Amino acid sequence: MTQNYPYLPIFSMHESKLLQEQGEVRVQPLGLVFVHKTEGMGVFRDVLARIKDFFGGNVGTYNNSVHTDLIIPALRELSDLAHHIYGSESHEAPDAILGFVMNVQPLSSKGMSMMQVTMFGTVVKFHPVAASGASSSSVPETAAA
């Protein structure tokens, strides 16, 4: 998949419940989308992190690397995968990913330092709900004098 589709809006579990409670749209679930990535942090970053760990402080090198090398590409892949899987069947692009969950955790093995991210959510299509407007027959009649 080399094509970059537009990013899909991503909603957490709490936000997706609020969206459905408002009642303005009907949510059609299309299916689950899942991404799992593991990225090596590099020897130099690991050495700098060990020095920071010894003296204390924020390890900005790790934070930037996790964000730019792991999380952002995984979000891109999640969105592209949702478009690729669920957009090709219905010929309409999905509208969002609801119930988004992301887990980032370190992996250490034999002196190697790696980070792992797992992301998943439900790909959905929104359909507007027709407003039930009041008709003229529902206006209460006034009592005759």
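**Salt bridges, core and surface of a predicted model**

Lys 125 and Asp 95 join their side chains in a salt bridge, with N and O 3.4 Å apart. This pair links distant parts of the chain, since Lys 125 sits in strand S3 and Asp 95 in the loop between H3 and S2, 30 residues apart. The model is a predicted one, so local features need pLDDT of at least 70 and side-chain atom pairs count only at pLDDT 80 or more, while totals for chains, interfaces and linings use all residues. Residues are numbered from 1 along each chain as its sequence is written, and side-chain values use heavy atoms, with hydrogens and water left out.

A salt bridge here is a side-chain nitrogen of Lys or Arg within 4 Å of a carboxyl oxygen of Asp or Glu. By this rule the count comes to three. As for cover, buried means under 20% relative accessible area, exposed means over 50%, and partly exposed is what lies in between (1.4 Å probe, protein chains only). Lys 125 counts as buried because its relative accessibility is 13%, while Asp 95, at 25%, counts as partly exposed.

Another of the salt bridges joins Glu 77 and Lys 37, at 3.2 Å from N to O. Glu 77 belongs to helix H3 and Lys 37 to strand S1, so this pair ties together parts that are 40 residues apart in sequence. Glu 77 has a relative accessible area of 30% and is therefore partly exposed; Lys 37 is partly exposed too, at 23%. Then there is Arg 76, which forms a salt bridge with Asp 80, the closest N and O atoms being 3.1 Å apart. Here both residues lie in helix H3, four residues apart, or about one turn of the helix. Arg 76 and Asp 80 are both buried. Arg 76 also lies over the face of Tyr 7, at 4.0 Å from the ring centre. (For a charge to sit over a ring, NZ of Lys or CZ of Arg must be within 6 Å of the ring centre and within 35 degrees of the ring normal.)

On to the overall layout. The protein has three helices and three strands, and reading along the sequence gives the pattern α-β-α-α-β-β. Helices (H or I, at least four residues) and strands (E, at least two) are DSSP runs, numbered from the N terminus. Of the 145 residues, 29% count as buried.

What about the inside? The largest nonpolar core has 19 residues, and those with the most contacts inside it are Val 33, Val 66, Leu 78, Ala 82, Ile 97, Met 119 and Val 123. S1, helix H3 (60-90), strand S2 (96-109) and S3 each supply at least two residues of this core. The largest share, nine residues, comes from H3. A nonpolar core, for the record, is a set of buried Ala, Val, Leu, Ile, Met, Phe, Trp, Tyr and Cys residues joined through side-chain atoms within 4.5 Å.

Leu 70, in helix H3, is buried, with a relative accessible area of 1%. Its C-alpha atom is separated by 7.7 Å from that of Thr 38, 32 residues apart along the chain. Tyr 5 is found in the segment before helix H1 (13-22) and counts as partly exposed at 21% relative accessibility.

A search of the whole structure finds one aromatic pair. The partners are Phe 34 and Phe 120, which are stacked at 6.4 Å centre to centre, with 20° between the planes. Phe 34 lies in strand S1 and Phe 120 in strand S3 (residues 112-128), so the pair ties together parts that are 86 residues apart in sequence. Rings of Phe, Tyr and Trp (its six-membered ring) pair if their centres lie within 6.5 Å; planes under 30 degrees apart count as stacked, over 60 as edge-to-face and the rest as tilted.

Both phenylalanines also turn up on the surface: Leu 32, Phe 34, Val 101 and Phe 120 form a nonpolar patch with about 340 Å² of accessible area together. Such patches are made of residues with over 30% relative accessible area and no salt bridge, with like charges joined within 9 Å and nonpolar side chains (Val, Leu, Ile, Met, Phe, Trp, Tyr) within 5 Å. Accessible areas come from the Shrake-Rupley method with a 1.4 Å probe, and for residues only the protein chains shown count as cover. Leu 32, in strand S1 (residues 25-40), is exposed because its relative accessible area is 52%. Phe 34 is partly exposed at 45%, and so is Phe 120 at 31%.
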